[in-house]
Amino acid sequence: MGHQEQQEVIPLMTPYKMGHLELSHRVVLAPMTRCRADRSGVPQPHAAVYYSQRATRGGLLITEGTSVSPTAQGFPGSPGIWTPEQVAAWKPIVDAVHRKGALFFCQIAHAGRASTNDFQPDGEAPISSTDTQLPADAESGTVFSKPRRLRSDEIPGIVGDFRRAARNAIEAGFDGVEIHGAHGFLLEQFMKDAANDRTDEYGGSVENRCRFVVEIVDALVHEVGACRVGIRLSPFADYMDCADSDPMALGDYMVRQLNKHEGFLYCHMVEPRMSIVDDRRQIPHRLLPFKTVFSGTFIVVGGYDREEGNKVVAEGYADLVAYGRHFLANPDLAKRFELDATLNKYDRSTFYTQDPVIGYTDYPFLSDDSKDLPAQD
């Protein structure tokens, strides 16, 4: 009768069907810049260790932002997926994740003006919706270069870069792609009215500002199928001087555009900044209107812990919860959540270093004395 003594149901540990994909739990590896590729954007073998460490049977992993073209680079050591060499290097990384039974999506990205001349072909200016330069980043010390405003006749070429990146990702073996439409990168530079000062068909109204992103969504759905495409959006964020005067209207418009594609797989949305109330972090939980409207899988991210993750899944506020820093520091995060085990603390100083081990693949797993407890893999 021992089986009747089941532990309480842990919402994060319940299975979920995402489109045609079967997930065994709701804990997602969020995309995070990790800066471990080589100078030409080729991911390195230690990335296979890093991602496979975090892979569980039926778990969902999303790669770090992966550049779609030579103009898309914004950080040292960010991987790409526009050359045959990059695609070939991704294949064993994807294989390592799939051998653990996990699902793996490639986040395809373009930094836009969040870049410098040093990262651009022939030292040219970074491209953007605008020619307004970003202020220097106080945390990293990065001095961004003055961008060049894209001409409207150049935009189809950038859409084509995203289309090629999606095709390459599927060739590399990924289960799908996530469009990076968040955190001040090129797509947000078009969507947000604080950054988009255009007067052509890509500026002004919310429809015009979102036109570029909608064209990318349409192109990728046509290229690899709606069932293999997700998008990350952060309507409330003001990262990289990308704020919007009406984030609710922006988010609502974008979600409704996604719904036009039957079977569009997921929308991955970033919560507004946390507030501190009575010495306790509080997640604003303002994404419900978007979850209500969106017809696919809804993933939330932004400051979640185990307790909050369980709460939002149980309440139907979210289908899946993505974790960044906690997953970075706890390769077996799903198992720790299942057992309610103590979490490793993350070391912020090693987030963006390029060491292949330190702060990357050296975070400890639960000790072997827990090996006879229920595991995810």
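# Close-up views of a predicted model

**View 1. Strand S15 and its partners.** In S15, Val 27 has Val 321 as its bridge partner. The model is predicted: local features need pLDDT of at least 70, side-chain atom pairs count only at pLDDT 80 or more, and totals for chains, interfaces and linings use all residues. Residues are numbered from 1 along each chain as its sequence is written, and side-chain values use heavy atoms, with hydrogens and water left out. Strand S3 (residues 27-29) runs parallel to S15, joined by three bridges. Strand S14 (residues 297-301) also pairs with S15 in the parallel sense, over three bridges. There, Ile 299 has Leu 320 of S15 as its bridge partner. Two strands pair if DSSP finds at least two bridges between them. Strands (E, at least two residues) and helices (H or I, at least four) are DSSP runs, numbered from the N terminus.

**View 2. The two sides of S15.** S15 spans residues 320-323. Leu 320 and Ala 322 point one way, and Val 321 and Tyr 323 the other way. In a regular strand the side chains alternate between the two faces of the sheet. All four of these S15 residues are buried. Buried means under 20% relative accessible area, exposed over 50%, and partly exposed in between (1.4 Å probe, protein chains only).

**View 3. Helix H3 against helix H5.** H3 (residues 155-171) packs on H5 (residues 206-224) at an angle of about 35°, with the axes 9 Å apart. The H3 side of the contact includes Ile 155, Ile 158, Val 159, Phe 162 and Ile 170. From H5, the contributors include Phe 212, Ile 216, Ala 219 and Leu 220. By class, the contact has eleven nonpolar, one polar and four charged residues. The crossing is right-handed. Axes are lines fitted to C-alpha atoms, for helices over the stretch in contact, and angles run from 0 to 180 degrees between N-to-C directions. Right-handed means that the near helix is turned clockwise from the far one by less than a right angle, left-handed anticlockwise. Contact means heavy atoms within 4.5 Å. Ala, Val, Leu, Ile, Met, Phe, Trp, Tyr, Cys and Pro count as nonpolar, Asp, Glu, Lys and Arg as charged, and the others, Gly among them, as polar.

View 4. Asp 161 and Arg 164 form a salt bridge, with the closest N and O atoms 3.4 Å apart. Both residues lie in H3, three residues apart, about one turn of the helix. Asp 161 is buried at 15% relative accessible area. Arg 164 is partly exposed at 26%. A salt bridge is a side-chain nitrogen of Lys or Arg within 4 Å of a carboxyl oxygen of Asp or Glu. The structure holds 18 of them.

View 5. Arg 149 meets Asp 131 in a salt bridge (3.3 Å, N to O). The pair links distant parts of the chain, 18 residues apart: Arg 149 is in strand S8 (residues 148-149), Asp 131 in the loop between strand S7 (127-128) and S8. Arg 149 is partly exposed at 29% relative accessibility, and Asp 131 is partly exposed at 32%. Arg 148 bridges to Glu 154, with closest N and O atoms 3.0 Å apart. Arg 148 is partly exposed at 33%, whereas Glu 154 is buried at 19%. A network of salt bridges links Arg 148, Arg 151, Asp 153 and Glu 154.

**View 6. Gln 86 in helix H2.** Gln 86 is found in H2 (residues 84-99). At 0% relative accessibility, Gln 86 counts as buried. Leaving aside neighbours within four places in sequence, Gln 86 is in contact with Ser 40, Gly 41, Val 42, Pro 43, Gly 80 and Ile 81.
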